[in-house]
Structures are given as structure tokens and as C-alpha cells.
Amino acid sequence: MSDDQDTPAIPTARVIRRRWPGLVWAVPVAALLVVAYLGLSALANRGTDVTVIFASANGVSPGDTKVLDNGVEVGRVSAVRIAPDNRHVELTLHLDHRVKPALTDQARFWMIGANPNIADLQSVKAAIAGVAIGMEPGSAGRPARHFTGLDQAPVIPFGARGKNFVLMSRMLGTLVRGASIRYRGLEIGKVTDTTMDGTDRFRIAIWIHAPFDRLIREGSEFWTASPLKVKLGGGGLSTELAPASLLQGAIQFDLPDEDRDNPPLAAGTMLTLFDDQGTAQQGDPGPEMPYALILHGDAGDMAKGTPVTLMGYQVGEVGSSRLLFDPQGGPFTLATIQLYAHKFGITPPANAHPQDWRSAMDAAVSRLLHLGYRAKLTQTPPLVGAHGIAIVRDPRSGAGTLDFGHWPYPAVPVSDQNGSTTDDIMTKVDQIVTKINRMPLDQIGHNVQALTANVRDITTQVKPKVGPLMDKLNATASGLDAAAAAARTTFTGEGANQGEGLPETIRQLNEMSRSIRSLTDYLGRHPEALIRGKSKDGHRNRETAK
């Protein structure tokens, strides 16, 4: 064997080139992919920051104050700082990425709980749990990141269907923003704002949801709802309490049947809010025309707003009253009343001058005065009620006229029957007492006592004689019975020749006997009848029943 054959072969290395790295690189590559995924996910879900300007930031805490959308947390306040104008506060809100599409120029933000109000239970709850930021997403509009916060939560959601109207009222009462408007128990709208209009009027903005906005027509009635209703019916006395009306007030609406064919009113139409349903059913009172009254009765408790009535209907109200002194005539009350023009049938054109209303009203009042009507101080209920004014017809007064010369307004003459109902009642009572005092009561009493003694003496004298009289009457009745029996025996035998008047004679004898026996029985029970006479049937029946 040769040496070449004994030497083993030397192995040679080969280079193998592969497209993918080895398994050793799988772990770092996987870690890199996870990090990239987490980074991209965090970038996509990092949320959005918006800036909202508020008047103040009382109770707001960065990192703790929540942003709520329909009660669901959608973000938090991340920063609070003074606005560039140094009068407002700028809040930065970090919101969830899911609300980003709703951040348009129609989105609204407001503070919840900063000014708690018992009428808004959500604000009271937020004040206890902590202030929060309310949010209403925008359903349309351009994207926005800077907003101006609202002072109060919006009453009507943005984009709601319906119409806004305006109610005018002299009294606001318990009505506040957010008060309910109800139609036969169903809520159909809300009060959106209340403002003062002039010095004695309130302007109440309302919103009526569709389709109920089509019910607002000419003749619609609005009145302030009462939180407590008391009804007296066949089932007795019943009460109904509405807590919501007690806290924030409520408005009732109704449309009379005769006005249902009227066309719906346009948005923004101005209507009247009445104090109660009865006043609402009487309709729009129209402009108020002032008149003066000179009263000499007690009127110190007559308050402003007291109704002025005509035939039971309210046609005005008391504007003011004050005590004045006349050096010659003494003290008196100068009262001002406001009469409603429409209640007197006055309807000038819509563009009529105020002086036209005054002239027409003076003419209407003058016609009443010519017919004998006068203003009169009344009290309802009598004696204990407050004083008021009624326009009544005084039969003792002739034609009257307005006094245009001495007072700030034309003066309406007052009834000649001066004084209130209380004065009238007391005067009549005094007259009755005077007549009673003039009666000789002592003499009448003595006469009655003397008459009673005389009757007693006569009865005492007659009563012993009643017995013999009754015995004679009984004997007479027995004799009549015997005579009737003998006549019946004699003339009823067979073959007897009876006259036609004989049966009638026998019947009369029997009736006479019964009458005498009845008289005897009555005198036995009432011997005084010999003096006083027989009592009436009703009294006799009652005595017999006893």
C-alpha cells in the first residue's frame, strides 16, 4: 500500500448563503415589532387637547376634574391658567380620541356644580362629588380646538326640532330656566331664559318641541302652574302636589276647541303668560289704562294687584293706594286702578297711537257711568277678607262723568253707598239692634205671662166638667146606635115596604154615632180644646203618633 493511500482526505469548508437570518434573530425582531405596535397604538389613541375659556375655575383641579358627555367620562382637565385678557380662565381638556370627530364649532362645554341650584339636582350632586365639565358633541360644522364655555348647561340640545316663542308676564314667580311646559300632563317644552323687560314686565323665552309646536296657534293659553291643587268633588276633598313645579316652576298650555282650526304661529311670536287658568280663559287683557279713585272707607289692606271686577269678571287691577289728608274733608284714600282695554271691547288697529287707546277707553268707561255704574270698595269674604274694587250698578245714582281736573288720571266716581261691605253689614246690624232696643220687651213679657195664667185657670175650671160632658156624649151615641138597630129590624123584614130614603137615614145615624164617639175620645185626651179649639191636622197627627 502506498503512502497516498494511507493518508486520510482533508475536509474542505463550504459557504452556504441563506435569504433569512437564523433563529437567533427571531427574539429581537419580535421585540422590535411589539414596541412598534405599542408606539403606533399609543400615538393613535393618545386623545386630543382642547382649550375652553370660562369666567372662573372655582373647584377645578387639574388631573381630577372630569369631562362628562351624557354622564360618561370622556376626558379630564389637564391644565388651568389665566387667559390672555387676565379676566377669564383658560382650561386645557385632554379628551378621549373617540370624541375627536365631535369636536366641531357646534360643540358646547359648561361647568357642572360651580353654582349649585336646588332646582337643578345634577348641579347639587356635582357640588358634593366635585365640579365637572359638561360636554355636548357637535353633530356638524367645522373642526375646532378652541371654545368659549357656557355659563349654564344648555336647556335644549343642539339640532333639536321645534320652535321658540316669547311669553310676557307681570309676575315671574318660581319660574326659572329649565322649567317645564306641559300640555295635559305631557311635557312639550322648556323655559330657555328669563329676563326683565322694562320696569314691570318679564320676558320668558320658551322652546316647544316638534310636533307640538304646531299646536301653538292664535288663541293659545299659557298660565303658571300651581304646585298644589285642591279639588272638591263627589269623592270628597283631594289634593295633588307637583314637586317639580315647587322647585323650578312650570307652565301649563292649552288650546281651546274653537281655536284648533287657526294656522300655527311663526317662531318668535309673542304671547301672554297668565297667572292662572281662569284668567287665561278670559283672554288677552290688552293695554292697561290708569284711573283714579277717591275712597273714604277702610282700604289700608288693599294690595297692589288686587283684582277690579265687573259682574264677577276681572277687568283690571289695583295699581297703588295711599292715604291723603284734606284740610276740610278729612282723610281719604287715593287709589289708582289699571283697567284692561280688551275687557271693555276696545280693539283699535294694531298701529293705533296710545292716545287712541286712551280716548276709546274713556268713552267706554263714560258709557258705564252714564248707565249708573260706580266704583265701590268691597271686601271678600265679608268682615275678614281683604278689600278690593268692584264696578257695580248703583240704582240710587244717576248718570255720572269722569273727573279730568284734579288728579293725575281721570277719576271714576265712587258709589254713594260709601264704605265697604263690612261697613254696610255693621250699619244694618246697628239698625236691627236699635229696633230691638225700641221694642217694649218687658211689657210683652208681662202680657204673655198674664195670658198664660188665664189659660191655665180656664183649663182648670173646664177640666172637671169634661167628665159629665163625655158621659152625656157617650149616652147619646149609644142611643143613636140603638135607634139605628131598631129601624133596621123593623124595616128589613121580608115583604116590608121600604122607602127609598130609609137606608140613607140608617147610614147617617151610624155616622153620627161614630162622630160623637170620636169627639168623646178626642176631648178625653185634649180637654183644653174646649178653649183653644181643635188643632191642625199635622199637629193632631203628631199628637196621635205620640
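Asp-105 and Arg-142 meet through their side chains in a salt bridge, with N and O 3.8 Å apart, a salt bridge being a side-chain nitrogen of Lys or Arg within 4 Å of a carboxyl oxygen of Asp or Glu. The pair links distant parts of the chain, 37 residues apart, with Asp-105 in the loop between strand 4 (89-95) and strand 5 (108-112) and Arg-142 in the loop between strand 6 (132-136) and strand 7 (146-148); strands here are DSSP runs of E with at least two residues, and helices are runs of H or I with at least four, both numbered from the N terminus. Asp-105 is partly exposed at 42% relative accessible area, whereas Arg-142 is exposed at 63%, where buried means under 20%, exposed over 50% and partly exposed in between (1.4 Å probe, protein chains only).

The model is predicted, so that local features need pLDDT of at least 70 and side-chain atom pairs count only at pLDDT 80 or more, while totals for chains, interfaces and linings use all residues. Residues are numbered from 1 along each chain as its sequence is written, and side-chain values use heavy atoms, with hydrogens and water left out.

By the salt-bridge rule the count comes to 12. Among them, Arg-76 pairs with Glu-73, the closest N and O atoms being 2.9 Å apart; Arg-76 is partly exposed at 31%, and Glu-73 is likewise partly exposed at 37%. A network of salt bridges links Arg-170, Arg-201, Glu-288 and Glu-317.

In the protein chain, 11 helices and 22 strands make up the secondary structure, and 32% of the 546 residues are buried.
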